[in-house]
Structure formats: structure tokens, C-alpha cells
Amino acid sequence: MTETSSNSGHTFRQEIGRVVNEIAQALRTLDDGAGWFSGLAPARRQEVLQEVAGYAMQAHITSVDGRAGVAKSGVKPTANPSVMICMDPPRYGFASLPADEHVKAFRVLVSVFTVADTRRRETYCKGACGHAWHNLTTEAEQP
């Protein structure tokens, strides 16, 4: 891998993190995020789905988070991504879904991540969080 493509991959992962965390912190709407996602090439969409599935795993989603996230996502509970995230344990093969399911998968993953990450911000990180991704408004206010 050349340095250019490595830097490009790192930059894209940073962009994913920024978009997803802005949605999770209500600095961007889910519809805006889905619009961003829809504008990506199919291979990039798969990268995003893999990355966001990793975020969901790191946030230690629960089955309650899964159901609450699906309800917030605007995706039917019977859609493949909804069923996958609500399984116990959740299934994370979202990037392997057919391309016509990718936007639904993005909406479900980000919504479930939002529920779990909000819970973690309000419990584990409350008052003394050093995670840069949990302090986006603070970063935005700095010169």
C-alpha cells in the first residue's frame, strides 16, 4: 500500500468517525448522515458499514439498545439489518448484505450506536470524559 492510499484510508476513517459521532451527539441528523453515506461509492459504503459495526461492538450494545436503535432508525423491524442487530448476540455482517440493503444497514447501525454511546457517555464518561469523539461540541468551539 502506498503512503498516499494509506493516508487516504486514515482520512476516510476519520471522516466516518466524525460523521457517526456528530449523528450520535445530535450535531447532524440521521437523514443527513444517510445522504452522505448514499453519495459514497459501493466499496466505500462497505468500509463504512464495517467501521460502524466496530463502533457498535466497542460501545457494547445490548439487545435493548438494538431494539431502541431500530425504532429510531426508521427501518422496519423485519428488515435484515434490524433483525441482525437485535439477535443475541448481534450479527455484524452488514457489509456483506446486498447493496440495496446498505442504507438501511447504515441507519440501523448508527441508530443503535447512538443509543449505546449515549448510555456510555451518561454513565462511564459523565463529567470526566477524555474521549475526543465524545467532546465534539467542545472541539468545535475552540479556535
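Between which two helices does the loop holding Ala26 lie? The loop runs between helix H1 (3-24) and helix H2 (30-38). The model is predicted: local features need pLDDT of at least 70, side-chain atom pairs count only at pLDDT 80 or more, and totals for chains, interfaces and linings use all residues. Residues are numbered from 1 along each chain as its sequence is written, and side-chain values use heavy atoms, with hydrogens and water left out.

**View 1. Ala26 in the loop between H1 and H2.** Ala26 is not a glycine, yet its phi is positive, at about 60°. Most residues other than glycine have a negative phi, and most peptide bonds are trans. With 67% relative accessibility, Ala26 counts as exposed (over 50% relative accessible area; buried is under 20%, partly exposed in between; 1.4 Å probe, protein chains only). Helices are DSSP runs of H or I with at least four residues, numbered from the N terminus.

**View 2. Helix H3 and its buried face.** Arg45, Val48, Leu49, Val52, Ala53, Tyr55 and Ala56 are the buried residues of H3. Seen down the helix axis, they fall within an arc of 155°, so they line one face of H3; the arc is that of the directions from the helix axis to the C-beta atoms. Gln50 and Gln58 are exposed on the other side.

View 3. His60 lies in the loop between helix H3 (42-58) and helix H4 (63-73). Its phi is positive, near 55°, in a residue other than glycine.

**View 4. The cis peptide bond from Asp88 to Pro89.** Omega of this bond is near 0°. Pro89 belongs to the loop between helix H5 (80-86) and helix H6 (102-123).
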